[in-house]
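Subject: Structure for you to look at

Dear colleague,

Here is the structure we spoke about, with notes on what was found in it. Please keep it open while you read.

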Amino acid sequence: VIVEVNKNMPVVYGEFDHCVHISEVDIIVEGENPHMLTIPATEPGPIDEKIAALVMEEIEDGSCIQLGIGKMPNAVGQLIAQSDLKDLGVHTEMLADAHMIMYEAGRVTGKNKVIDNGKMVFGFAMGSKELYDFIDRNPVCKTYPISYINTPHNIARNPKVIAINNAIEVDLFSQINSESVGTRHISGTGGQVDFMLGSYMSQGGKGIICMSSTFTDKKGNVHSRIRSTLPPGTIVTVPRTITSYIITEYGTINLKGKSTWQRAEGLISIAHPRFRDELI
């Protein structure tokens, strides 16, 4: 084990299994510790806020929250902080400012979690300096390898897992693409499919995909994010077999256990009205 520490800030370890005791360290390298990468806060727009309000209707006391990256999950976190929800838990791949805000508002206790009771567990953190200061020497925060955090069976051990993520588009079979525009690579799979499956298996869990109903390309043309079929070369991030909740600004649908025709009808009902006849 090699640990880099700031020589002006001695480390004090508590009796927590997520700390490294000094006796386990082989080498300590003193360094300047340059500031870590931060990402600026992004303000949600009116559509984001409308979708976030619909997501809030699916969250209840004692839920265990996973938030993906982007404006939408942060908008949900802000609304949770302002709500009267109680005893939420956190089991998430990325810890973001939204989780800190939820905790500081008194919404997160983690007392209903089956594993890591009372802890906010995560694989990595990315956000503001305030978030990093919040994590520093905070025994409530517990980080694990991704092999533990993202294993669906670990996720599913907690009840009422609410996984909230974005997507690029979805087709009428309910196949979700969060990675490419046709063959053009945009992002990686990340933990989205892991948390969708984990929430699917969780008792009372809900895997939620949030997206605006349309997007505008560089030429100013408006396109539907709900497609009849995915374009050739498109990557399917989440298969239709574990797709559950999809939310746009036009409503919420739950596709779990639905037939192909029921999925298509549900998706058309939350598409932008301009594209519904074409999708039909």
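How many nonpolar, polar and charged residues does the lining of the second largest pocket have, by class? The lining has 14 nonpolar, 16 polar and nine charged residues, where Ala, Val, Leu, Ile, Met, Phe, Trp, Tyr, Cys and Pro count as nonpolar, Asp, Glu, Lys and Arg as charged, and the others, Gly among them, as polar.

This is a predicted model, in which local features need pLDDT of at least 70 and side-chain atom pairs count only at pLDDT 80 or more, while totals for chains, interfaces and linings use all residues. Residues are numbered from 1 along each chain as its sequence is written, and side-chain values use heavy atoms, with hydrogens and water left out.

The second largest pocket has a volume of about 940 Å³, and of the 39 residues that line this pocket, the closest to its centre are Asn166, Ala167, Ile168, Ser178 and Ser187. Among the elements that give two or more residues to its lining are helix H2 (71-82), strand E7 and helix H7 (192-201); helices (H or I, at least four residues) and strands (E, at least two) are DSSP runs, numbered from the N terminus. A pocket here is an open set of points on a 1 Å grid over the protein atoms alone, with protein on both sides within 12 Å along at least five of seven lines, and lining residues have an atom within 4 Å of a point. Grid points are joined across faces, edges and corners, and a volume is the space filled by probe spheres set on the points.

Strand E7 (residues 161-166) also runs parallel to strand E12, joined to it by five bridges, and the bridge partner of Ile162 in E12 is Lys206. E12 in turn runs parallel to strand E16 (residues 245-248), with three bridges between them, and Cys210 stands opposite Ile247 in E16; two strands pair if DSSP finds at least two bridges between them. Five of the five residues of E12 (residues 206-210) are buried, so this strand is largely enclosed by the rest of the structure. Buried means under 20% relative accessible area, exposed over 50% and partly exposed in between (1.4 Å probe, protein chains only). Lys206, Ile208 and Cys210 point one way from E12, whereas Gly207 and Ile209 point the other way.

Finally, Lys256 lies over the face of Tyr200, at 4.1 Å from the ring centre, and Arg276 lies over the face of Tyr250, at 5.6 Å; a charge sits over a ring if NZ of Lys or CZ of Arg is within 6 Å of the ring centre and within 35 degrees of the ring normal.

With best wishes

Technical notes: On a 1 Å grid over the protein atoms alone, a cavity is a set of points where a 1.4 Å probe fits but cannot get out, and a pocket is an open set with protein on both sides within 12 Å along at least five of seven lines; lining residues have an atom within 4 Å of a point.
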